[in-house]
Amino acid sequence: MSGGEILSTLLASEIRGDLLILFHKNPGLIDTVDGIARRIGRTTITVVSDLRELLQLGLLKQKRIGASEVVFLDRARDREILESVANHLQTVQIGGAK
Amino acid sequence: MAMGTRESSSANHHGNLWPAQKSGANSNSAVEEAFSSLLTGIVCDALSNALGRYVLDILASKGLLDDSDNPKEFDRGLQSLFGNGASVLERIVVKDLYRKLSIPYSSNARFNYEKSLETAKEVCFVESRLK
């Protein structure tokens, strides 16, 4: 996946933007899907598909703790993703094509 | 919205967003300056929190932040760099700005970055007059 495609995936919706902010502000956060939805002021059903996209990208990871399935930020993958986005943005000029 | 525990440092050290009331043009320009400074801080926080400090530095080096208090130019710059993602970043900025100014924000309402900033600026002027 190119840096441009990653960027499009990250910023595909307002909910994804909220999720990015939530996990970057709280990189140690581990919570259930319900809890994450509550933290960004949404309902579970509205965040599921965006969470799934970020899980698929590898930015977020999922694991089982006891009876709960929890989601957390994969910090190493996050660094890779942001580096890839940064490299892409370096090649783009404001107001024009590459 | 309970988004996190960290607060940005956009307000001054007294926790006030606006300068003390002065008269006439001085007052207006002081509020303009305070608003511009608040907005620039929020834009930097939003970009850094969403995409990381390194991306923010790149955007700053490209001059994007020079236009952060000029909504038309800033929007044009964001669009050319982020395409459709620009509106997501603008919503993040407006949401944070509105939260700081206690203005209700709705994700469902039609979004216009320039108009949203005008509304916020009006609130700033009104608040500064009420002080």
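These legends accompany close-up views of a predicted model.

**View 1. The largest nonpolar core draws on chains A and B.** This core holds 62 residues. The members that touch the most others are Leu10(A), Leu11(A), Leu89(A), Leu51(B), Phe82(B) and Leu97(B). Helix 1 of chain B, residues 24–51, gives the most to this core, with ten residues.

**View 2. Surroundings of Leu10(A).** Neighbours within four places in sequence are left aside here. In chain A, the contacts of Leu10(A) include Leu20(A), Leu54(A), Leu57(A), Leu59(A), Ile81(A) and Val85(A). Arg16(A) and Gly17(A) also touch Leu10(A). From chain B comes Leu51(B).

**View 3. His24(A) in helix 2 of chain A.** This helix covers residues 14–25. His24(A) has 15% relative accessibility, so it counts as buried, the cut-off being under 20%. Leaving aside neighbours within four places in sequence, His24(A) contacts Leu73(A), Asp78(A) and Leu82(A) in chain A, and Asn49(B), Ala50(B) and Leu51(B) in chain B.

**View 4. The loop residue Ser102(B).** Ser102(B) sits between helix 4 (85–101) and helix 5 of chain B. Its phi is near 55 degrees, a positive value in a residue other than glycine. With a relative accessible area of 66%, Ser102(B) is exposed, because the cut-off is over 50%.

**View 5. Helix 5 of chain B, residues 113–130.** At the start of the helix, a side-chain oxygen of Asn112(B) lies within 3.0 Å of the backbone nitrogen of Glu114(B). Buried residues of helix 5 are Tyr113(B), Ser116(B), Leu117(B), Ala120(B), Cys124(B), Phe125(B) and Ser128(B). At 1.5 Å a residue, its 18 residues should span 26 Å. The end C-alpha atoms are 26 Å apart, which agrees.

Definitions and conventions:
Residues numbered from 1 in each chain as written. Chains lettered and ligands numbered in written order. Predicted model: local features only at pLDDT ≥ 70, side-chain atom pairs only at ≥ 80, totals over all residues. Heavy atoms only, no water. Core = buried A, V, L, I, M, F, W, Y, C linked by side-chain atoms within 4.5 Å. Buried < 20%, exposed > 50% of the residue type's maximum accessible area, 1.4 Å probe, protein only. Helix = DSSP H or I, 4+ residues; strand = E, 2+ residues; numbered from the N terminus. Contact = heavy atoms within 4.5 Å. Expected span 1.5 Å × (residues − 1). Polar contact = N/O pair within 3.5 Å; in protein donor to acceptor, adjacent residues only side chain to side chain.
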